[in-house]
Amino acid sequence: MTADLLYYRTVLTRIKSQRSLVKGGQNRKPSMVALQGLISYSLGSGIDGKTLNELTCCNTSLRGGGTGGVCTNEGVLACSKCGLAKYCSGRCQRQHWTKHKLDCEHAYFDDNWKPSWVIEGRKPSFFLPAATVTPTPTSAPVSMTCHTRLWGDVPAYDILQLNHNEGLNSERSDFKVCFAEAADIRNLIETVNNLSKDYRGKCDILLNHPDATVVNRNLVILSVLLGPGPTIEESAELAVHLMYSASLTGAGESYVRRCVQRIYGEGSSDSGDMTFHCTLRTRGRGKLASVQPMMAVKKPREMFLSTFGLDKAIKSFHGTLLDPAREDDRDLLLDGLKPPHRLALSHFWHTGVLLPFSARTSSFTQPNRLQFTSQGTWLGTPADISPLPGWNLTLLAPTIRRYSLDANDTFGALFFHIRDSLIQFATRLRDFAVDVHLTSYDPRILSKGMYFLPAPFHGACFDRIDLGDVGDRVSMRGCIEDWGRLLAKKNVNAGIVMHSRRWHVGSPGATARYNPDIVDVLRRRCLGRPVLEEQLGKLLSRGQHSPRVYRLVESMDAFVDHKEAFGKYVEAQDVVSVAGELGLRIREVNKIHPKRFGVPLNSTQSLPDLSKEEFYDLFTLGGLDLTIRFIEFEAAPEGVDWTEDEEGGIDAVRDYAALVVLVD
């Protein structure tokens, strides 16, 4: 009843706002786009396709009432044990207990739960005795080809960071931004959402990736989000599921199919030179366009219009995420989580839908074809075990309060956080002059062929260039050779940012995680410090294959300054001399993204300074890689060279007491 009342109030408000246009003396009728906003397309995740603005009672065992055998009242009472399930009354909670107890009494919710390899007294299957005690899948060699994680593992960030660069007096400034290898739209969203609310300039954004499937998935998501028709709230809710859920509602799937037909049919034109080009309608000032090789769109179009069923899709989804061969990897992750988070993650694995824990998923009856091949094979990998690493989880607290969520319902908070971010993004694209252009080319080729793109991207025009981890495949030197000349050096705040996750390959001693002698290093560093010796001794006494020992090693890089080792890697890349030839230099203090996770932007701080809860949110639950390093380039004043401070290294562990506490 409450949900219905809120829904009808929303529609009534929209109708009144349209009437006010006429009463205000405007001589034109309300636009069709505005009128379409009054019509519900039933694209929401709630009952009857409504958008979720509150949690409904999760009782699906209702007897003698409700709609379709389920309770439709607002869920205001939480289960006293898990806190994740919401009910309208004690009566509904008692009726639903026979179903909910399967979750509430799950083994994952037991404080004494242990990984299977501990129970069975065996070595974990990921143990690599010749390399390190660290049991992570990423310790295997990384392919030099472009492999894209479906959900990303670097939290979204704003590439403009106007507060640290051009400043707040940039409301009327024009910007040109390039994401040379953008696997998704998260950084695009963060960048646009951090523009001033009074922004009146022009912003052209180039979103490129060499994988046509990635580019066209982003194109469809943006078309759904920005196109006229449904309300922004409905579109945003559907876009969340296109990004993170394995299935969609029937209405959502039908609408996506219409959007696909519009993009690759009505909205496209063949320029006669084997190039696919489309410019799509949006709700307002912002434009959405794409230029790709014509052959590049064939496979994605077949995917998006495929006809396989949900059973086949979910079987593939579960086959990847719940692969028995990866049981030990999952158990290691789960062992470090709080019991409610273990339960919530398991719930997401089994439903494949990003929603609050107590939200119903029975209406999600169609596969999300943006995540599956045309034959129904899921595009993710075992590394895509959770969408959490793609977002800064320390920012979810306001969302939890706004929607009255349990603090442990991380996936519910993430759903609302992303949806609200998408609503803000779509609203700004409607009101601001922000144009988004998507392309599908190899970054090295694209840098040499900008004249094939629309006029805004000709010449040395970019105020920001994000190269992602392209340097791990083509070298940092190659990246700067290709893209350095395209930086708009007349803008003193213009910058290039890239990151590396492979910089330590070949130098295992550079990090704690991959150092084969790290346990011996720990013992030596604790000598003569009785309290630390005792704590470390207790941890190691649990056995070499104890999950706590593995987590201790994984956590150590939060307390290790990699500055010297990374500086040597950069020097070996010969990137400084190439940058100098192009009039660029390495920034000593980053102004786009901190040099590593957990430190402030625009700071010389070398090591994270985090509370235990912040560390847990970012690195344990969030799963961030502590060894990833960011580097930035800017225009260099004449006669200025860059030098790296030679401090830090494996012995720069700051606080071993904090280290032991974090994992115990």
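Trainee: In which kind of crossing, left-handed or right-handed, does helix 7 pass helix 14?

Mentor: Helix 7 passes helix 14 in a right-handed crossing. A crossing is left-handed if the near helix is turned anticlockwise from the far one by less than a right angle, and right-handed if clockwise. Please keep in mind that this is a predicted model, in which local features need pLDDT of at least 70 and side-chain atom pairs count only at pLDDT 80 or more, while totals for chains, interfaces and linings use all residues. Residues are numbered from 1 along each chain as its sequence is written, and side-chain values use heavy atoms, with hydrogens and water left out.

Trainee: How are two packed helices described?

Mentor: They are described by the angle between their axes and the distance between the axes. For helix 7 (residues 232-244) and helix 14, the angle is about 125 degrees and the axes are 8 Å apart. Axes are lines fitted to C-alpha atoms, for helices over the stretch in contact, and angles run from 0 to 180 degrees between N-to-C directions. Helix 7 and helix 14 are therefore oblique to each other. Angles under 35 degrees count as roughly parallel, over 145 as roughly antiparallel, 65 to 115 as roughly perpendicular, and the rest as oblique.

Trainee: Which residues meet there?

Mentor: Helix 7 contributes I232, E233, A236, E237, A239, V240, H241, M243 and Y244, and these meet F415, I418, R419, L422, I423, A426, T427 and R430 in helix 14. Contact means heavy atoms within 4.5 Å.

Trainee: And at what angle do helix 6 and helix 7 cross?

Mentor: The axes of helix 6 (residues 212-226) and helix 7 cross at roughly 165 degrees and come within 8 Å. That makes helix 6 roughly antiparallel to helix 7. On the helix 6 side the contact is made by I221, V224 and L225, and on the helix 7 side by S235, A236, L238, A239, L242 and M243. The crossing of helix 6 and helix 7 is right-handed.

Trainee: Stepping back, how many helices and strands are in the chain?

Mentor: The chain has 24 helices and 14 strands. Helices (H or I, at least four residues) and strands (E, at least two) are DSSP runs, numbered from the N terminus. Of the 664 residues of the chain, 55% count as buried. Buried means under 20% relative accessible area, exposed over 50%, and partly exposed in between (1.4 Å probe, protein chains only).

Trainee: Which residues of helix 21 are buried?

Mentor: In helix 21 (residues 563-572), the buried residues are F566, G567, Y569 and V570. They lie on the same side of helix 21, because they cover an arc of only 160 degrees around the axis. The arc is that of the directions from the helix axis to the C-beta atoms. K568, E571 and A572, on the other side of helix 21, are exposed.

Trainee: What covers the buried residues of helix 21?

Mentor: The cover includes helix 16 (471-474), helix 17 (476-483), strand 12 (495-500), helix 22 (575-581), strand 13 (584-586) and strand 14 (629-635). Just after helix 21, D574 takes a positive phi of about 60 degrees.

Trainee: Which other residues have a positive phi?

Mentor: S404 is one of them, at about 55 degrees although it is not a glycine. S404 is found in the loop between helix 13 (397-402) and helix 14 (410-431), and it is exposed, with a relative accessible area of 53%. N602, also not a glycine, has a positive phi of about 60 degrees. N602 counts as partly exposed, at 41% relative accessibility, and is found in the loop between strand 13 and helix 23 (612-621).

Trainee: Changing topic, is N165 buried or exposed?

Mentor: N165 is buried, with a relative accessible area of 11%. It is found in the loop between helix 4 (116-119) and strand 3 (175-179).

Trainee: What does its side chain reach?

Mentor: The side chain of N165 reaches the backbone oxygen of L160 at 3.1 Å.

Terms used: A polar contact is a pair of N or O atoms within 3.5 Å; within protein, one must be able to donate a hydrogen and the other to accept it, and residues adjacent in sequence count only if both atoms are side-chain atoms.
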